[in-house]
Amino acid sequence: MLNKSFLTGAFAVLFLITVCGCASNSTINEKPLWASDETLEMVYPNSEYIARIGRGTSIQSATSFAEGELSSYFSHSVHSQVNATQVMTDTKSGDKENIPGESKTVRSIERKVTVDSMNELFDVHLTSAWFDKKQKQYISCAYIKRDDAFNLYEANVRNARNKFRLFYDKAEAEEDLLNKIKLLSDCELPGEEYLETLKISNLLCPDKFSAYGNDRKLVEGLEVEKNICRQKCQMYITSTTEDGKKLKSCVSQIIKAKGFNVTENKKEAFYEVIIDLDLEKNIFGETFTAEPELTLSIKGTKGGERFSYKRNLPKQSGFTEAETLVIRKIISSAESELNTSLEKELSL
């Protein structure tokens, strides 16, 4: 027969084991603080972390959704994406001589934030998935430590800034105003890419982002700089033919609309705008035909062509006695062409 004290001790041990086991299971199944949006910041405070949770019917899907939520945070906050791909298409129109000014460049930027790029850039961490028995789903949390992420990403910011400064410093060193405007325009694409990296940096660590403020102001001020250069440009308009002189007023209006100044004093001009309207007349007895050709060029007063424009106008014909009327039609056609195409091409 078993000793009574032995039995009492055995039951006590068994009771403690049962209680401890239940307590252990209760602790394991208790919902972690990070598994709820209401208590997430108690574990991962926003001042130090960027954290998002995801839910799914499997551990893998919960993890994927958590990473996706973190990726969406950057996409929606920046209103663009991390990876910039420049798509450039050159289309040339005009005659076989490949006229300068006929070459056009179409630029577009395609960006996309993906989970893969985010993991590579920011060193994303994941908690172990927790199973919610009531909802019958797994919950996972993806998080980034702000300081660590910024330290990893800062190289992208520096590279983008250096690329922008390479273009910008070249523009700043240029003394010719029209060339300077073109070089400032070349700064726009690298400048835009640099601003995108700054937006990401600001989301990661606003305190460290401020160190790049000066270069950001340069990017944002590119259009202002170009406008200042345009206002400094004094242009003198002349023509090689009497008929071309009738187009001076039209050309002047277009140039002024682009922000440049037109002067009647050739001595104070930095550039000379030369209009050449060649009627190409052929007389046949009492009739004649004209196949007019219009060219316009902008040259520096110290030499060197800065811009070239050329158009073949519609063929005109008539009686020699009505030549004045035909010339009026040619002038009207030339003005129409200038207003349609010169304004677009004069993107200096």
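**Stop one: a sheet and its helix**

Here is an open sheet of three strands, in the order β10-β11-β14, with antiparallel pairing. Strands are DSSP runs of E, at least two residues long, and helices are runs of H or I, at least four, numbered from the N terminus. Two strands pair if DSSP finds at least two bridges between them. This is a predicted model, where local features need pLDDT of at least 70 and side-chain atom pairs pLDDT 80 or more, while totals for chains, interfaces and linings use all residues. Residues count from 1 along each chain as its sequence is written, and side-chain values use heavy atoms, without hydrogens or water.

Select 281-284 and 316-319: these are β10 and β14, the edge strands, each pairing on one side only. Look for Phe 284, whose bridge partner in β11 is Thr 287.

Next, select 323-345. That's helix α13, packed on the sheet and touching (heavy atoms within 4.5 Å) β10, β11 and β14.

Show Tyr 49 in β1 and Tyr 143 in β6, 94 residues apart. Their rings pair edge-to-face, 5.9 Å centre to centre with 75° between the planes. Rings of Phe, Tyr and Trp (its six-membered ring) pair with centres within 6.5 Å; planes under 30 degrees apart are stacked, over 60 edge-to-face, the rest tilted.

Last, select Phe 164 and Tyr 168: with centres 5.6 Å apart and planes at 25°, they are stacked. They sit four residues apart in helix α5, about one helical turn.

Methods:
Axes fitted to C-alpha atoms, helices over the stretch in contact; angles between N-to-C directions.
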